[in-house]
Amino acid sequence: MAISQTKENTILSLKVQTGTMASGKPKYKSHSYSNVATATTDESLYAVAQALSGLFKSPIGKITRQDLAQLLSE
């Protein structure tokens, strides 16, 4: 049985460092942007994340891309 996938949505997530915990480890807050076009390249998403970084007072610690797809049997 062959399985195919249909891409449904892409989410861009940014982890922004908001401070430090008592242990000295960085403290993060996540910001997610959904409904990103599934055909968007990684380079384009990274460029958008870098542009968005100027809107935050704290540095971005992590940029992630999450692709959601529906699996179908053929």
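Let me begin with burial: of the 74 residues in the protein chain, 15% are buried, where buried means under 20% relative accessible area, exposed means over 50%, and partly exposed lies in between, with a 1.4 Å probe and protein chains only. Please keep in mind that this is a predicted model, in which local features need pLDDT of at least 70, side-chain atom pairs count only at pLDDT 80 or more, and totals for chains, interfaces and linings use all residues. Residues are numbered from 1 along each chain as its sequence is written, and side-chain values use heavy atoms, with hydrogens and water left out.

The protein chain has 1 helix and 3 strands, and from the N terminus on these elements run β-β-α-β; helices (H or I, at least four residues) and strands (E, at least two) are DSSP runs, numbered from the N terminus. The radius of gyration is 16 Å, well over the 11 Å that the globule rule gives for 74 residues, so the chain is more spread out than a compact globule; this radius is taken over C-alpha atoms, and the rule is 2.2 Å times the number of residues to the power 0.38. Along the principal axes, the C-alpha atoms fill a box of roughly 55 × 30 × 15 Å.

Now to one residue, Gly 61, which sits in strand β3 (residues 60-73) and is partly exposed, with a relative accessible area of 47%. Leaving aside residues up to four places away in sequence, Gly 61 touches Lys 15, Val 16 and Tyr 28, where contact means heavy atoms within 4.5 Å. How far apart are the C-alpha atoms of Gly 61 and Ser 73? They are separated by 39 Å, and the two residues are 12 residues apart along the chain.
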